[in-house]
Amino acid sequence: MELENFDTDAFLRDYWQKKPLLIRNPWRNWQNPLEPDELAGLACEEEVESRLICQTAKGWEMEQGPQHEDRLGGLGASHWTLLVQAVDHHVPMVADLIAPFRFIPNWRIDDVMVSLAADQGGVGPHFDQYDVFLIQGHGRRRWQIGPHCDADSPLVPHEELGHFVDDMLEQIPDDDLYRDPDLAGQANPGEIMPDALARLHRMTLDSLADPRAFARWFGMFNSTPKYAEMDWQPETPVAADEVRQFIAGQAPLSRNPASRLAFVGDGANAVMFFADGACFDCGAETADLARQLCAQDALVLDTALASMDTAIDLLTQLCNMGCIAFEGED
């Protein structure tokens, strides 16, 4: 699903955190990854975060999920929006939408939220503290872009929805630019780059003066799953010998879309590898393996790893955490 005729370097240089960019028909053979009824079904699940936002005569109203089938079925023809978080954790085709944007480091990616709106439905004027890629699927929607917002922007208070900007403009003036540091492209989206760590380090408490300790803390913190209460562990623990057999037999390995993997360089031939809030110190034998797991959602491992105890130990732990799975696991 690579973006057609898209210049990553030009985008990062000229648009990223500077001004909006509209890309028409970025995929030649677009297929919507899920139907409205499927999204509504997800919103009714206990473990899925969702919100139903309606605009009524009294103003904005929000109902937290799980939603109820009868409630969704009885909605009118206009003025409502259903928002479902982390749909990429549950629908593989939605998870695939992240792949074209892997020039953004993994640690900056949160999730894929999917919205379903009726005529005139929306959440109202607002500002995000996120960098957002918007993909229009079914139907049509009118998007409006406002100016840069700060603490002095006029707001409308709301107990549940938060604060919304009172007045929005349809386009951002060319000279009204975000002042965030420029992002450069990188070879491996799983790496937390030293310059990013340096900026974050300056924002933390003076007590975190040790850069290596900060890197370890930040990697563990940032890789903590969005929904830590979800249990992705296999019903039957995977044994080390099974992992050896999977590798020797070149069984395909895939990463759980809900898992968060990243790494930080730790010397010439080592990395600190982070998986769902845990840190693994990977030396020369496993550093490349850690980098590979961060860079690819699905892969077949080199059979030579079957004879490396350190690699088998790491992979076995990741399997039993639910971060990865080999094709053929029970």
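Predicted model: local features only at pLDDT ≥ 70, side-chain atom pairs only at ≥ 80, totals over all residues.

**Starting with the strands**

Reader: How many bridges join β9 to β10?

Author: Two strands pair if DSSP finds at least two bridges between them. β9 and β10 run antiparallel, and the number of bridges joining them is 5.

Reader: What is the strand order of the open sheet of 3 strands?

Author: β8 and β10 (278-282) are its edge strands, each pairing on one side only. From one strand to the next, the twist averages 20 degrees. The pairing is antiparallel, and the order is β8-β9-β10.

Reader: What angle does α6 make with β9?

Author: Contact means heavy atoms within 4.5 Å, and α6 packs on the sheet by touching β8, β9 and β10. Axes are lines fitted to C-alpha atoms (for helices, over the stretch in contact), and angles between N-to-C directions run from 0 to 180 degrees. Against the direction of β9, α6 makes about 20 degrees.

Reader: And at what angle to β10 does α9 run?

Author: This helix covers residues 309-321 and lies across β9 and β10. Relative to β10, α9 runs at about 165 degrees.

Reader: How many residues lie between β8 and β9 in their hairpin?

Author: β8 (residues 261-265) is joined to β9 (residues 271-275) by 5 bridges, and the two run antiparallel. L261 stands opposite A275 in β9. In the turn, G267 has a positive phi of about 100 degrees. The number of residues between the two strands is 5.

Reader: How much of β8 is buried?

Author: Buried means under 20% relative accessible area, exposed means over 50%, and partly exposed is in between (1.4 Å probe, protein chains only). β8 is largely enclosed by the rest of the structure, because the buried share of its 5 residues is 4.

Reader: What is the order of the open sheet of 4 strands?

Author: Its edge strands, each pairing on one side only, are β2 (59-64) and β4. β3 (residues 80-84) pairs with β4 in the antiparallel sense over 4 bridges, and T81 stands opposite A117 in β4. The sheet's order is β2-β1-β3-β4.

**On to the rings**

Reader: How are the rings of F103 and F133 arranged, edge-to-face or stacked?

Author: Rings of Phe, Tyr and Trp (its six-membered ring) pair if their centres lie within 6.5 Å; planes under 30 degrees apart are stacked, over 60 edge-to-face, and the rest tilted. By this rule there are 17 aromatic pairs. F103 and F133 are 6.3 Å apart centre to centre, with 90 degrees between their planes, and that makes the pair edge-to-face.

Reader: How far apart in sequence are the parts that F103 and F133 tie together?

Author: F103 is in the loop between α4 (92-95) and β4 (114-117), while F133 is in the loop between β4 and β5 (155-158). F103 is buried at 10% relative accessibility, whereas F133 is partly exposed at 34%. The parts they tie together are separated in sequence by 30 residues.

Reader: Which class does the pair of F214 and W217 belong to, stacked or tilted?

Author: These two are 3 residues apart in helix α6 (residues 211-222), separated by about one helical turn. F214 is buried, with 2% relative accessible area, and W217 is partly exposed, with 39%. Their rings lie 5.8 Å apart centre to centre with 40 degrees between the planes, so by the cut-offs the pair is tilted.

**Cysteines and the whole chain**

Reader: How many disulfides does the structure hold?

Author: A disulfide is a pair of cysteine sulfur atoms within 2.5 Å. The sulfur of C294 is 9.1 Å from the closest cysteine sulfur, in C282, too far for a bond. C294 itself is buried at 2% relative accessibility. The number of disulfides is 0.

Reader: What share of the protein chain's residues is buried?

Author: The chain has 9 helices and 12 strands. Of its 330 residues, the buried ones make up 36%.

Methods: Residues numbered from 1 in each chain as written. Heavy atoms only, no water.
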